[in-house]
Amino acid sequence: MRSGFVAVAGRPNVGKSTLVNALTGTKVAIVSDKPHTTRRRISGVHTTADAQLVLTDLPGWQRPIDPLTERMQGTVDASLEGVDLVLLVLDCRAHIGAGDRFVARRVFALGVPVVIALNKIDRLKHGHVATQMKTAATLGDFHALHPVSARTGDGVDELRADLISLLPEGPLYFPPDQATDLSVEVQIAELVREQALRLTKEEVPHALTAEVKEIEAGRVEVTLYTETESQKQILIGKRGAMVREIGTHARPGIEELLGRSVFLELKVKAAPKWRRNATMLERLGL
Ligand code: GDP
């Protein structure tokens, strides 16, 4: 039995969450087209007959600018301790530059094998991919470099097999049928936040969080917190149209998770400066 922990590192938006989902075959991390969606340490677990691969989907790597990003960075550092290898994800469609090198320096300093995934190769010409591979290869002394598409699944099986081959011998850390170590409350809150971010596009920035207030029988109550009154109004929408739509889209995932039909009650509150409020961050488990 091989098992171990793989830290998934890379700049925001390179496709880390999507790749974790593709590697584990389950939806464990929420995916969005905005940076900073993933704030928590989320583990995706892939178990086969003779191996268990535990993926830690790290929050975006960035320099701390406020208490939230400071905590995010703290989470990054904490989750790097005790990892067996690192999967460094790059965006093939973007310039591989200073941001990637910032992440790479810390990753290569860990002294564990580094596997590079050059993601988003779908719809790119071979020549372009080859050029990007050459640039990626200059980032450090990596074990292997895999061109992949998390979206189409291209190259993902080969990448998974390579990661598993690098794992040490070890026990099962999670029951074979478990795909995440997040609580049901956190998963529900993330499903709601995912839809809220998706449906409001750029109008509501990442200053948005969700908290489950109650799960009782078939009733689930979730509060969405925004930083400003105007963001709150956007989330509510005309006569509540937006918050209803968020609920309509979030409910199927919640019902699948709980294995029953639910009545989802969403509330929207403005909690100015919640990102600077340590008590609030503590309560939300961030
Ligand atoms: P993260 O911030 O690194 O976790 O990135 P996400 O997984 O949230 O992905 C950021 C954006 O890139 C989303 O819009 C994804 O749909 C998109 N994306 C991720 N992987 C691929 C891929 O292989 N191909 C393409 N075309 N888009 C991708």
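The model is predicted, so local features need pLDDT of at least 70 and side-chain atom pairs count only at pLDDT 80 or more, while totals for chains, interfaces and linings use all residues. Residues are numbered from 1 along each chain as its sequence is written, and side-chain values use heavy atoms, with hydrogens and water left out.

**View 1. A nonpolar patch on the surface.** Val-184, Ile-215 and Leu-257 form this patch, and together they have about 190 Å² of accessible area (Shrake-Rupley method with a 1.4 Å probe; for residues, only the protein chains shown count as cover). Val-184 lies in helix H6 (helices are DSSP runs of H or I with at least four residues, strands are runs of E with at least two, and both are numbered from the N terminus). Its relative accessibility is 35%, and Val-184 therefore counts as partly exposed (buried means under 20% relative accessible area, exposed over 50%, and partly exposed in between, with a 1.4 Å probe and protein chains only).

**View 2. The largest nonpolar core.** Among the 24 residues of this core, Val-192, Val-222, Leu-224, Leu-235, Ile-246 and Ile-254 touch the most other members (a nonpolar core is a set of buried Ala, Val, Leu, Ile, Met, Phe, Trp, Tyr and Cys residues joined through side-chain atoms within 4.5 Å). Two or more residues each are given to it by helix H6 (184-200), strand S7 (208-216), strand S8 (219-226), helix H8 (241-258) and strand S9 (263-270), and the largest share, 7 residues, comes from H6. Leaving aside residues up to four places away in sequence, Leu-224 touches residues including Val-192, Ala-196, Leu-235, Ile-246 and Val-268 (contact means heavy atoms within 4.5 Å). A second, separate core of 21 residues includes Leu-19, Leu-23, Ala-51 and Val-148.

**View 3. Helix H3 and its cover.** Within H3 (residues 98-108), the buried residues are Asp-100, Phe-102, Val-103, Ala-104 and Val-107. The cover over the buried residues of H3 includes strand S1 (2-9), strand S4 (85-91) and strand S5 (114-119).

**View 4. Two loop residues with positive phi.** Most residues other than glycine have a negative phi. Asn-13, in the loop between S1 and helix H1 (16-24), has a phi near 75°, and with 33% relative accessibility Asn-13 counts as partly exposed. Ala-217, in the loop between S7 and S8, has a positive phi of about 45°, and at 60% relative accessibility Ala-217 counts as exposed.

**View 5. Thr-131 and Cys-92.** The C-alpha atoms of Thr-131 and Cys-92 are 9.6 Å apart in space, although the two are 39 residues apart in sequence. Thr-131 belongs to helix H4 (residues 126-136) and is partly exposed, with a relative accessible area of 47%.

**View 6. Residues 29-40 in the setting of the whole chain.** The chain averages a pLDDT of 82, and 77% of the residues score at least 70 (pLDDT is the predictor's confidence in each residue, from 0 to 100). Over residues 29-40 the pLDDT is below 50, and this stretch has 51 contacts in the model beyond near neighbours in sequence. The chain has 9 helices and 9 strands, and buried residues make up 52% of its 286 residues.

Key: Patch = residues over 30% accessible without salt bridge, like charges linked within 9 Å, V, L, I, M, F, W, Y side chains within 5 Å. Salt bridge = Lys/Arg side-chain N within 4 Å of Asp/Glu carboxyl O.
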